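Subject: Structure for you to look at

Hi,

Here is the structure I promised to pass on. Have it open while you read, and I'll walk you through what turned up.

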Amino acid sequence: MYHARVIEKFGMCRYWVACEQATSVLLLIELLAKLLKIPTSTSSDRFSDVVTFLESSNVLIVFLFDNFETPWDIERQRSDVGYVLARLASIPTVSIIITMRGNQCPYEESIDWSHPRLPSLTPLDLGAAEKAFTRISSKSAGNAELHTLLRELDCVPLAITLMAKLASGGESVHELVLQWRTERTRLLGQTGGDRCTCIEVSIKLSIDSQAVKANQGAIILLGILAMLPGGAAVSRLPDMCPSIPGWKAALRVLLKAALVYHNSDKSFIHVLSPIRSYVMLHHPLGEVALADLRASYCKLAGKGASEPGDPDFLTNAKQLAIEETNIDAILLEGLQGQEGDISSAISASLNYSEYLYWTQPRTNIMEAATKVAKITQNTKLGDCLKLLGRIQQLQTHYDAAKTTLKEAQAEYYRIGDRLGAAHCLKSQGQILQLQTQYDAAQDALKEAQIEYVGLGNRLGAAHCLKSRGQILQIQTQYDAARETLKEAQAEYVSLGDHLGAANCLFSLGEIFQTQKQHDEAQEALKSAQDKYTSLGDHLGVANCLRSLGQILQSQGQYDAAQAALKEAHTEYVGLGNHLGAAHTLKSLSQVLRTQKLYDVAQTALKDAQAEYASLGNRLGEANCLKSLGVIHEEQSHYDASFNALKEAHAIYSALNNRLGMANCLSKMGRISRIQSRFTDACKQLEEARVLYSAAGQAKWAQWCTKQSYLASRKRNAA
């Protein structure tokens with residue numbers, strides 16, 4: 001990777017992928033995303049983020065997947081790992097190098113590996129082996145017994161390093177030869193022997209060395225470190241191993257024996273994969289040390305029980321992000337333990353998955369916890385199912401989310417937890433709303449609201465009222481929406497829930513905005529903004545600024561609109577809220593389009609579209625494509641407009657977004673009529689009319705009927 005020709009070809013785009021940390025295909029993908037500095041997202045497929053980034057890059061990139069056997073050797077996920085590798089290999093600008101144990105190329109049936117292949121790593125020659133040994137051990141060269149030892153070690157670099165470290169600690173070469181032969185003979189009787197035997201014997205001799213044995217905590221600490229594929233943060237070692245009071249001395253012993261090593265800034269301690277494997281097999285942790293390690297990571301996972309806006313959220317999220325590989329490993333191990341361990345691991349998994357929900361939603365931990373909770377009939381099964389459903393909802397796996405939440409609801413009813421069941425019902429209503437099944441959504445939310453009222457849970461009932469008001473707003477039933485939201489707002493105020501009241505004010509402001517009651521809209525939004533400011537809710541402030549910018553645009557105050565939207569964009573970026581930033585860029589493009597600054601507007605839209613794509617937000621992508629179609633149409637670029645609208649329509653169809661489909665079809669029909677493709681126009685406008693009618697958009701359904709009639713007259717006249 002540091003060869004002059006490699007540097008000349010790939011420049012800074014050379015990535016070393018430490019696969020020791022990739023104990024699952026999801027962690028391998030996340031490792032790639034972090035190396036490429038791709039923002040965390042709510043994408044339902046994080047790998048799509050990686051592929052999109054690489055395919056849009058116009059530079060050559062090389063990945064070195066080191067110790068690739070870690071993800072590859074897990075049989076149940078091999079096909080998924082192979083797909084990831086093959087998909088990367090299919091990108092013309094991407095080159096791949098792999099190091100792994102064995103001599104078989106992975107996924108040969110799908111990847112055209114270069115020929116001739118790189119030769120397998122061979123042992124050092126005797127001269128190089130002697131030079132490496134003497135440099136580490138400070139022993140003199142030219143010793144016949146040293147040559148004997150090196151030959152018996154097969155000149156394997158790791159074995160040489162370990163034995164040289166023993167020599168530097170006072171062992172003579174003669175003693176090392178005798179020890180090595182004794183252990184090798186015993187091990188050969190068990191395994192048959194190959195080059196791996198040299199490494200295992202060398203590891204054993206290092207572990208059995210006088211220095212390691214003399215420090216009672218060294219082997220325990222080594223066992224702890226071997227459990228952590230991502231390495232151990234030195235700052236966390238006291239919390240991980242309270243039963244080793246002299247852990248610093250133990251660490252010095254392990255470093256001197258080359259059984260562990262520091263990273264570049266000495267903030268983390270790592271163990272090489274062969275040593276980790278050997279230690280976990282031959283020196284598993286005792287109950288006390290294992291319990292301490294589990295407790296430490298369960299406590300760390302507990303930091304996930306916060307959400308954006310909480311004072312410690314960003315700090316906690318940063319700590320968890322660094323430790324994700326280790327938390328995954330320890331929680332999954334704990335879920336296979338004894339009953340008490342399983343209960344703690346399930347609770348920790350719930351907290352940790354809350355963090356994942358807000359940062360980079362994935363379900364592997366919650367799926368494992370749910371499976372174990374079912375088998376053990378754990379009391380937190382309902383909580384596991386509910387959180388799993390929420391994550392699936394965020395990933396836009398709506399049908400799966402509804403199924404999971406219904407199962408959670410049934411579990412809550414089984415254990416007599418009516419409040420938990422009501423929460424699940426409310427979430428199902430919100431999913432139905434996202435699927436534009438508004439009547440069904442209203443029914444579910446009404447049922448949940450009744451349940452909350454029966455339980456005396458006024459806050460839950462207020463949440464349902466607010467959601468119902470927002471649905472009425474979408475259905476353009478503005479009077480009913482206002483009354484419902486005002487009722488919810490009054491309830492929030494009486495409960496002292498200032499954030500809930502501010503959210504209702506914000507929705508009321510949006511309704512006034514839609515009805516072009518700009519003074520009322522501005523009053524409501526500024527009032528909401530003041531409340532958000534007093535609560536320190538920067539996200540609420542940004543949302544208000546964005547809506548105020550849209551109002552200023554509709555009033556023709558374009559410079560003021562741009563200023564408000566740019567301020568909102570700055571707030572979103574500062575919060576790391578990429579979705580809000582994308583929404584604001586799209587709104588800004590609309591201001592620029594109104595000013596007929598088409599080139600700048602297109603740039604803003606394309607930036608917004610790229611942001612949506614990086615988040616896996618297909619609805620946002622479709623909305624940007626639709627707006628691009630409008631800009632092209634206004635410039636009389638009808639073919640470009642039609643193509644953009646057609647692409648947007650395909651995404652809306654995949655999302656079953658009937659209103660989006662109707663909007664695209666109506667515009668495509670208008671363009672077809674302009675281009676004298678009257679038969680196509682009639683078909684597109686009729687399809688749009690049906691969709692508008694189904695969505696309760698009578699005004700637009702009538703417009704389509706009129707346009708279709710005009711197109712049919714033109715067709716008949718032709």
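Predicted model: local features only at pLDDT ≥ 70, side-chain atom pairs only at ≥ 80, totals over all residues.

Let's start with Lys 426, which sits in helix α23, residues 418-434. Helices here are DSSP runs of H or I with at least four residues, strands are runs of E with at least two, and both are numbered from the N terminus. Residues are numbered from 1 along each chain as its sequence is written, and side-chain values use heavy atoms, with hydrogens and water left out.

Is Lys 426 buried or exposed? Lys 426 has a relative accessible area of 14%, so it counts as buried. (Buried means under 20% relative accessible area, exposed means over 50%, and partly exposed is in between, using a 1.4 Å probe and protein chains only.) Setting aside neighbours within four places in sequence, Lys 426 is in contact with Leu 445, Ala 448, Tyr 452, His 463 and Cys 464, where contact means heavy atoms within 4.5 Å.

Next comes Lys 586, in helix α31 (residues 578-594). Lys 586 is buried too, yet has no salt bridge; a salt bridge is a side-chain nitrogen of Lys or Arg within 4 Å of a carboxyl oxygen of Asp or Glu.

Ala 542 is buried because its relative accessible area is 0%. Leaving out residues up to four places away in sequence, Ala 542 touches Ala 568, Glu 571 and Tyr 572. His 578 is 36 residues from Ala 542 in sequence, and the two are 12 Å apart in space, C-alpha to C-alpha.

**The whole protein**

Zooming out, the protein has 37 helices and six strands. Its C-alpha trace spans about 100 × 65 × 45 Å along the principal axes. There are 718 residues, and 51% of them count as buried. Of the contacts with a separation of 6 or more, 62% are between residues 24 or more positions apart.

**Salt bridges**

Side chains of opposite charge can pair when their charged atoms come close. How many salt bridges does the structure hold? The structure holds 20. One of them joins Arg 236 and Glu 323, with the closest N and O atoms 3.8 Å apart. This pair links distant parts of the chain, 87 residues apart: Arg 236 is in the loop between β4 (232-233) and α13 (237-240), and Glu 323 is in the loop between α17 (313-322) and α18 (324-334). Both Arg 236 and Glu 323 are buried. They also belong to a network of salt bridges that links Arg 236, Asp 239, Lys 299 and Glu 323.

Now look at helix α22, where Glu 411 and Arg 414 both lie, three residues apart, about one turn of the helix. Their side chains meet in a salt bridge (2.9 Å, N to O). Which of the two is buried, and which exposed? Glu 411 counts as buried because its relative accessibility is 9%, whereas Arg 414, at 60%, counts as exposed.

Most residues other than glycine have a negative phi, and most peptide bonds are trans. Lys 516 has a positive phi, near 60°. Lys 516 is in the loop between α27 (498-514) and α28 (518-535), and is exposed, with a relative accessible area of 63%. Ser 676 has a positive phi as well, near 65°. Ser 676 lies in the loop between α35 (658-674) and α36 (678-694), and at 49% relative accessible area it is partly exposed.

Happy browsing!

Definitions and conventions
Lys, Arg positive; Asp, Glu negative; His and termini not counted.
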